[in-house]
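Dear colleague,

Please find below the structure I am handing over to you, followed by an account of what was found in it.

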There are 2 protein chains.
Amino acid sequence: MSIQATLITLKNIPKGIPKPDDFEIIQSKIREPKEGEFLAETIYLALDPYVRVTMVGRHFFNTPEIGDVPRGSTISRIISSKHNSYKEGDLVVMESGMQSHAISDGADVYHVNTGSAPITTALGILGMPGFTAYSALLGPAQLREDDVVLVSAASGAVGSMVGQIASIKNAKVIGIAGGKEKCQWTIKNASMENCIDRKRDNIDQKLSELCPHGVDIFFDNTGGEIQKIVLSNHIALNSRIILSGMISQYNSSKPPSGPNLGNICKQRAIIFGFVVYDYEHMKESFIKDALSWYKQGLLHYSEDLVFGIENTPDHFIKLMKGENFGKTIVQFMDL
Amino acid sequence: MSIQATLITLKNIPKGIPKPDDFEIIQSKIREPKEGEFLAETIYLALDPYVRVTMVGRHFFNTPEIGDVPRGSTISRIISSKHNSYKEGDLVVMESGMQSHAISDGADVYHVNTGSAPITTALGILGMPGFTAYSALLGPAQLREDDVVLVSAASGAVGSMVGQIASIKNAKVIGIAGGKEKCQWTIKNASMENCIDRKRDNIDQKLSELCPHGVDIFFDNTGGEIQKIVLSNHIALNSRIILSGMISQYNSSKPPSGPNLGNICKQRAIIFGFVVYDYEHMKESFIKDALSWYKQGLLHYSEDLVFGIENTPDHFIKLMKGENFGKTIVQFMDL
């Protein structure tokens, strides 16, 4: 068996928002899996904002070099296996990145388990983004009934789950999203009580109106100006701030200045640099809760899916521009 | 009994570093204590950096107005009492502020308990500054053996106790202080392994040399540029940052920008807006430990003491300029 794989590689280390010609599509022969390995073909690839950071080395993974395949979570089907826990035909979630095939020794791989929900939810509400929302809210943020929760990038895969989980736990959720359509969606589908349009509203003023006593939890997916405004003026006493993402600066070559931290002292707040990989011990309870909530009709989501590996760079660029809507996925082949 | 009290009041709300004529010394007749109250005379007044912030309302106490007496911890002697728990002659720690006498209902008052140590340590290593160091290190910072601890304002009342407590717990401590004399003192007396002179050294470069793997705990008493450098370049994975004070910006009318928080995410760090009043449950164990450490000769301190209530404004201004050395105290009368 000799398989030809399609790979998206970095032609340049992108400067600013990536451009189509920062990427290259190449063909490469893939080797056979060795003892303890399996070979899988990618069906769905998730495009996540953090991937941009790995391209310049500011994330906690290694810096890729020119010619490397950018990272990415995938739903893959095993087509050949010499691994005891994975057999041919199994559907798994793994980190194949932007390529059609990958060999794995099983590290950080798990079987798809989405119950009655569509399989792509394994990359969204029932996958890493959903788990990020869940583990941060119920872990360090110590979500309590009646908390006021503010979430940025509220219509995104993580943000929309923050709204829905917090609401299930009887907290009040306010979102911030880019554009009227996204805002309306979060109110209708992601349990937000209200949503601030960062493109049209005066965020500072809106927050004073909507959260007059400040926010107890700020779930920050964007960083930047929004973070400055919230941390300086709108956090309540003993508030918890989850730094989950900073998409606003992923495309900048030099990190801009941040918020003055005086108000963090004054409000006795805690800021958590949150990385979901530290919370594996909560995974089992997440899956149990999330499957049950989905079955009860409590979880909604939106997807922005295109077909064809060749469309990966453009779809990723769209995500970086904030023009996507919902979980951004590329389907490489039929299920 | 009719007692004439001397009060330091605010003549202006200070702009920048306070000036002598922002203060006024006045005389005022003091009333008798009512049932459940006592009257005390001040023997020692502690001058603490946070007091500057209360003068513009950025701290969590109320904003004083012109004519108010600035805050301050004191060691006071009760001279008349209608309170069940406090009798004439008792020595107490209380918050009389910048005045010779005060009436209290006993809230936030406790008896001086310094064991074999000099009484003024009730305002320093055995008082609020010592307790701040202790509760932050053993509470949220979760001090562990072999941790690398970095502390700014290292020769101050809080900073020098951070060094000594961390060292007792077998951590390695690096200080940052202003000037050669202060640095040498922290190494000789406050258990620092090394101390960076912020006035002469390149802090960024020195930290790379002294803490090549980053710091596990950053105990920040200054904020400002030091904070930016440490948070951006020198925190280790899973580090804990204690925001205890921000003396660098207490005299600025508008808070400057802060550090970009991207590295907090990357290093999965936690930032605590630390206020000692949240840790009363650790007070008893602090007193027990600190008295025992003192008796064993493990605790050193330095004091910057002047005599005479009329010298209070100048001594406070000196503290604000960073020209003090050690715990800044004004003695109002003989013990």
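I begin with a pairing in chain A: strand β4 (residues 74-81) and strand β5 (residues 91-94) run antiparallel and share 4 bridges. Helices (H or I, at least four residues) and strands (E, at least two) are DSSP runs, numbered from the N terminus, and two strands pair if DSSP finds at least two bridges between them. Within this pairing, R77(A) has L91(A) in β5(A) as its bridge partner. β5(A) also pairs in the antiparallel sense with strand β7 (residues 110-111) of chain A, over 2 bridges, and there V92(A) is partnered by H111(A).

Some conventions apply throughout. The model is predicted, so that local features need pLDDT of at least 70 and side-chain atom pairs count only at pLDDT 80 or more, while totals for chains, interfaces and linings use all residues. Residues are numbered from 1 along each chain as its sequence is written, and chains are lettered from A and ligands numbered from 1 in the order in which they are written.

**The two chains**

Chain B can be laid on chain A with an RMSD of 0.0 Å by a turn of 180° and a shift of 0.0 Å along the axis, the copies being superposed by least squares on the C-alpha atoms of residues with pLDDT of at least 70 in both. That is the relation of a two-fold axis. The same surface serves both copies, as 100% of the contact residues of chain B recur in chain A.

The contact takes 27 residues from chain B and 27 residues from chain A; two residues are in contact if their C-beta atoms, placed from the backbone, lie within 7 Å. On the side of chain B that touches chain A, the elements giving two or more residues are α7 (262-266) and β13 (270-273) of chain B. The residues of that side divide into 14 nonpolar, 9 polar and 4 charged. In this division Ala, Val, Leu, Ile, Met, Phe, Trp, Tyr, Cys and Pro count as nonpolar, Asp, Glu, Lys and Arg as charged, and the others, Gly among them, as polar.

Strand β13 (residues 270-273) of chain A is joined to β13(B) by 3 bridges, and the two run antiparallel. I271(A) has I271(B) as its bridge partner.

**The shared sheet**

An open sheet of 12 strands with mixed pairing has the order β10(A)-β9(A)-β8(A)-β11(A)-β12(A)-β13(A)-β13(B)-β12(B)-β11(B)-β8(B)-β9(B)-β10(B). Its edge strands are β10 (194-197) of chain A and β10 (194-197) of chain B, each of which pairs on one side only. In chain B, β8(B) and β9(B) run parallel and are joined by 5 bridges, with S152(B) opposite I176(B) in β9(B).

**Two covered helices**

Which residues of α3(B) are buried? They are A157(B), V158(B), G159(B), S160(B), M161(B), V162(B), G163(B), Q164(B), I165(B) and A166(B), so that 10 of the 12 residues of this helix are buried (20 or more other C-beta atoms within 10 Å of the residue's own; exposed means 12 or fewer and partly exposed in between, with C-beta atoms placed from the backbone). The buried residues of α3(B) pack against α2 (128-138), β8 (148-152), β9 (172-177), α4 (180-189), β11 (215-220) and β15 (327-331) of chain B. After α3(B) comes N170(B), with a positive phi near 65°.

In chain A, helix α2 (residues 128-138) is likewise mostly covered, with 10 of its 11 residues buried. Among them are F131(A), Y134(A) and L137(A). The buried residues of α2(A) pack against elements of chain A including α3 (157-168), β12 (235-243) and α8 (283-295).

**Individual residues**

Most residues other than glycine have a negative phi, and most peptide bonds are trans. D146(A), in the loop between α2 and β8 (148-152) of chain A, has a positive phi of about 70° although it is not a glycine. D146(A) is exposed, with 9 other C-beta atoms within 10 Å. R268(B), in the loop between α7 and β13 of chain B, has a positive phi near 50° and is partly exposed, with 19 other C-beta atoms within 10 Å.

Finally, I229(A) lies in helix α6 (residues 224-233) of chain A and counts as partly exposed, with 18 C-beta neighbours inside 10 Å. Leaving aside neighbours within four places in sequence, I229(A) is in contact with I203(A), D204(A) and H234(A).

With kind regards
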